[in-house]
Amino acid sequence: MREFTSPPLVEPSLHRNATDLLMQRVRSNPDHAAFEVRTPGGAVTDPWREVSTADFAHEVRALAKGFIAAGIQPGESLAIMSPTRYEWALTDMAAWFAGAVVVPVYETSAAPQVTAILADADVRLAVGGSAEHAVLLEQGFAGAGLTALGIWTLDARPGADLADLVERGARIPDSAVEERRLLATLDSVATIVYTSGTTAAPKGALITHGNFVGQVLNVAAAYTEVVREGGNTIIFLPMAHVLARGLQLICLANGMRIAHLSDPRDVVPALGALKPTFLVVVPRVLQKIQASAAAAATQKRLGRVWASAQRTAVEWGRFAEAHDADPRLRASPGLRIRRALFDRLFYSRLRQLVGGRLDYILSGAGALDAELSLFFRGLGLPVIEGYGLTETTAPLTGNLPGAINSGSVGVPMPGTSVRISDHGEVLARGVGVFAGYRRPVDNAEAFVEGYFRTGDLGELDHLGRLTLKGRIKDVIVTAGGKTISPAIWEGYVEGDPLVAHAVMVGEGKPYLGGLVLLDPESLAAWAEREGIADLKGIRIPEDGGAVQIDDARLLAVIGQAVSAANAKIARSEQVRRFVLLLTDLSEANGFVTPTMKLKRSAFTSRASHIVESLYSQPRSQP
């Protein structure tokens, strides 16, 4: 199939702009608890303070008055640089109420990145999370040659925090805020989001109010089993990412309670305290849950039993998907018995670990291994895999409840068309597709015949389900002229919990090689379990480089994952030699984006000597 269109379920035309999503909720259910806010300095398991829809709207208006009093004008840019927290949501909506365009800045951004974004977006006013963020923003304004209206913080900072802004705006009448709120139309730019830049310099994507409203209304209509009154979620993705902001708007507009967390270490205890009904995660989180369960079982001398339980979960997940397609199917008596036994031993405990109320998990921002998806389905925790980009206001396609197909990223969202070009590129048009980049030069090759060029390779099946095949820019052409898309092999290898990233190489070479980046935390835990002291103390280079691991035991373990990956693909696409590497996988090292995607070209460039060693110094593999 070359093209598939999902018609819109809801037209956004009854909304003036994205602020109407809040105002309609205020009118329909003002007392509903819209947010749960952690007590400053309190434990994550302590009671969280509830904020009603009406109270949130009141706080938004008060802060919007402060922005107006500070001098922000309609259509001017306002930057937010902070970890994920309730005040981020408050500032975001208040900026829209004041008529401003929001420019999110990842809180982990380096000074040159901050300067570049402030300059490109012509930011007039900024809000940082902490005093440290305020310093970076101040330096950014100076470096960009911009005069700021002011820099305030979400943390308490007398005379320069949100409380100060609210005080400044105390004399601004409600009518002035309402006038500002209604200025933007669906065609107005709501936010300028700078792409993560895995293969190129970041570009400012112009996302309109109509993009947000269209996505919120249609996604909610398509996922009524997930987005429901009385449900709740925890957002721990960076709020600078468009997916987190879109998710927040969907929940706010549809009566789902929202809690925010900035530290990933707090997520597991928070699940037990807040008991969410829905979560958005990256695949690595699911891998770590599975690996932790396996490690716990091994410590209790139940490793073989767990292995059987894992196989049974995958088998049950496969049956569940087949049952979705044909409700007449029945599981075999043996499978039902094994599933019931392992549910008592393991599965029910894992469901309790994530709060006991989780209906669905959405996985995005990276490829999800099909067997991992089936495993969680077998546990009773269905995973909905989706796909989207900054330029599509996040969700472009997604599996639907009752029609999950592991290995696929689902069908186009309502109001969206997906086309596959003659070269296999995924093209998109619809309610979420952005207005274009801020710099005209960046738009030169971004669209074709009205469709946005995603840069991803993919295929559509007869039901309109999209399967991704990798990035166009990552394609490898070997010395023999064979064209290879590395994403499939890489995805299989990355399914091993010890592996953070796998990179296939071989451009212009006689055969394919692999760079396997190990996950430091998982490696340390594995070494502890195996009693291998010499691996536990390995230091990651502080100069941004990588250290090669030649331990025979570890090579044998990863060699099994590589061999299993090779067995699933054609011989011409298999990796002949690989190396194991440890490196700093933080954003500061320049190898990953804020959402932990590997910057492939940056890494392979810095590791070029290691790549060459795969060919100049061949060695046997386990």
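Predicted model: local features only at pLDDT ≥ 70, side-chain atom pairs only at ≥ 80, totals over all residues.
Let me start in β20, where arginine 453 is the bridge partner of leucine 427. Residues are numbered from 1 along each chain as its sequence is written, and side-chain values use heavy atoms, with hydrogens and water left out.

Stay with β20. β18 and β20 run antiparallel, joined by three bridges. Two strands pair if DSSP finds at least two bridges between them. As a reminder, strands of a sheet pair through backbone hydrogen bonds, either parallel or antiparallel.

β19 also runs antiparallel to β20, with two bridges. There, valine 448 has tyrosine 451 in β20 as its bridge partner. The two strands form a hairpin with two residues between them.

Then comes β21, residues 466–471, antiparallel to β20 over five bridges. Glutamate 459 has threonine 467 in β21 as its bridge partner. β20 and β21 make a hairpin too, this one with five residues between the strands. Glycine 464 sits in that turn, with a positive phi of about 85°.

How buried is β20? Eight of its 10 residues are buried, so the strand is largely enclosed by the rest of the structure. Buried means under 20% relative accessible area, exposed means over 50%, and partly exposed is in between, using a 1.4 Å probe and protein chains only.

Back to arginine 453. Which residue does arginine 453 form a salt bridge with? The partner is glutamate 425, with the closest N and O atoms 3.0 Å apart. This pair links distant parts of the chain: arginine 453 is in β20, glutamate 425 in β18 (residues 425–430), and they are 28 residues apart. A salt bridge here is a side-chain nitrogen of Lys or Arg within 4 Å of a carboxyl oxygen of Asp or Glu. Glutamate 425 counts as buried because its relative accessibility is 5%. Arginine 453, at 34%, counts as partly exposed.

The structure holds 31 of them. Take arginine 124 and glutamate 76: the closest N and O atoms are 3.5 Å apart. Again, distant parts of the chain are linked, with arginine 124 in strand β6 and glutamate 76 in the loop between α2 and β4 (77–81), 48 residues apart. Both ends are partly exposed: arginine 124 at 24%, glutamate 76 at 21%.

Next, arginine 328 and aspartate 326, at 2.9 Å between the closest N and O atoms. Arginine 328 is exposed, at 70% relative accessibility. Aspartate 326 is partly exposed, at 21%. There is also a network of salt bridges, linking Asp120, Arg438, Arg439 and Asp442.

Now backbone angles. Most residues other than glycine have a negative phi. Glutamate 449 has a positive phi, near 55°. Where is glutamate 449 found? In the loop between β19 (447–448) and β20 (451–460). At 65% relative accessibility, glutamate 449 counts as exposed. Aspartate 122 has a positive phi as well, near 50°. Aspartate 122 lies in the loop between α4 (111–121) and β6 (123–128), and counts as partly exposed at 40%.

On to another sheet. Four strands form an open, mixed sheet in the order β24-β25-β27-β26. The edge strands, each pairing on one side only, are β24 (499–505) and β26 (546–549). Inside the order, β25 (residues 512–518) and β27 (residues 575–583) pair in the parallel sense over six bridges. Glycine 514 stands opposite phenylalanine 578 in β27.

About 620 Å³ of space lies in the second largest pocket. Its lining has 25 residues, and the closest to the centre are Val37, Arg38, Arg85, Tyr86 and Glu87. A pocket is an open set of points on a 1 Å grid over the protein atoms alone, where a 1.4 Å probe fits, with protein on both sides within 12 Å along at least five of seven lines; lining residues have an atom within 4 Å of a point. Grid points are joined across faces, edges and corners, and the volume is the space filled by probe spheres set on the points. Which element gives the most to this lining? α3, with three residues.
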